[in-house]
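Open the model in your viewer and keep the sequence panel beside it. This tour says what to select at each stop and what is there.

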Amino acid sequence: MKNLFGKYGISLSDEQEEKFDEFSSLLKEYNAKFNLTSITDDRGIIVKHFLDSCLYVDKFSTGAEVIEIGSGGGFPSLPNKILREDLSFTCVEATEKKCEFLSTVADKLGLKKIKIIIFFITIMLSQFCRTNIVEAASDSIYCGELPKDGSPLVVTYSLEPADERLNGN
């Protein structure tokens, strides 16, 4: 895993690699009960979940507070948190079983400054947001009006097809 991440300029300590290994084990264990992801092979988890989540970890400012809407299996928040202890994440998820998983991972990995909120996003958006809309498709991204307070909007898109990373190219 260290070599693969290193190809993209991401250094992993032994402790971080151990946390990713534990995360992968928990993902497989809970996926059998909750159907969190269709990607369950080791290489796919490392590349499509962990690496893809961390490709932009250096774009966060020091101590940034990040909200992830529709956290599901914790991607990209939890992998980024493993790499950057200074970041704070609020993970918003509508499904209780996924919130349970997210809390378990955060607890078992000793991740601090993580909040897990069960909430239906349509209600949240209608109450707190105006026109900050992001839609992503395989080859295009549409973004509505950007936040007026200057807060960043990060949209991730893989630098190369996942198939190439899976094959070790």
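A residue counts as buried when its relative accessible area is under 20%. The model on screen is a predicted one.

Start by selecting Phe 75. Its relative accessibility is 17%, so Phe 75 counts as buried.

Now look at the aromatic rings. The whole structure holds 9 aromatic pairs. Select Phe 5 and Phe 20: their ring centres are 5.6 Å apart and their planes meet at 50 degrees, so this pair is tilted. Phe 5 belongs to helix H1 (residues 2–6) and Phe 20 to helix H2 (residues 14–34), so the pair ties together parts 15 residues apart in sequence. Both Phe 5 and Phe 20 are buried.

Phe 23 is in helix H2, while Phe 75 is in the loop between strand S1 (65–69) and H4, 52 residues away. Phe 23 is buried, at 0% relative accessible area.

Then select Lys 33. Its charged end sits over the ring of Tyr 30, 4.3 Å from the ring centre.

Finish at Asn 80, in helix H4 (residues 77–83). What lies 2.8 Å from a polar atom of the Asn 80 side chain? The backbone oxygen of Pro 76 does. Asn 80 is buried, with a relative accessible area of 2%.

Definitions and conventions: Residues numbered from 1 in each chain as written. Predicted model: local features only at pLDDT ≥ 70, side-chain atom pairs only at ≥ 80, totals over all residues. Heavy atoms only, no water. Helix = DSSP H or I, 4+ residues; strand = E, 2+ residues; numbered from the N terminus. Buried < 20%, exposed > 50% of the residue type's maximum accessible area, 1.4 Å probe, protein only. Polar contact = N/O pair within 3.5 Å; in protein donor to acceptor, adjacent residues only side chain to side chain. Phe/Tyr/Trp six-rings, centres within 6.5 Å; stacked < 30°, edge-to-face > 60°. Lys NZ or Arg CZ within 6 Å of the ring centre and 35° of its normal.
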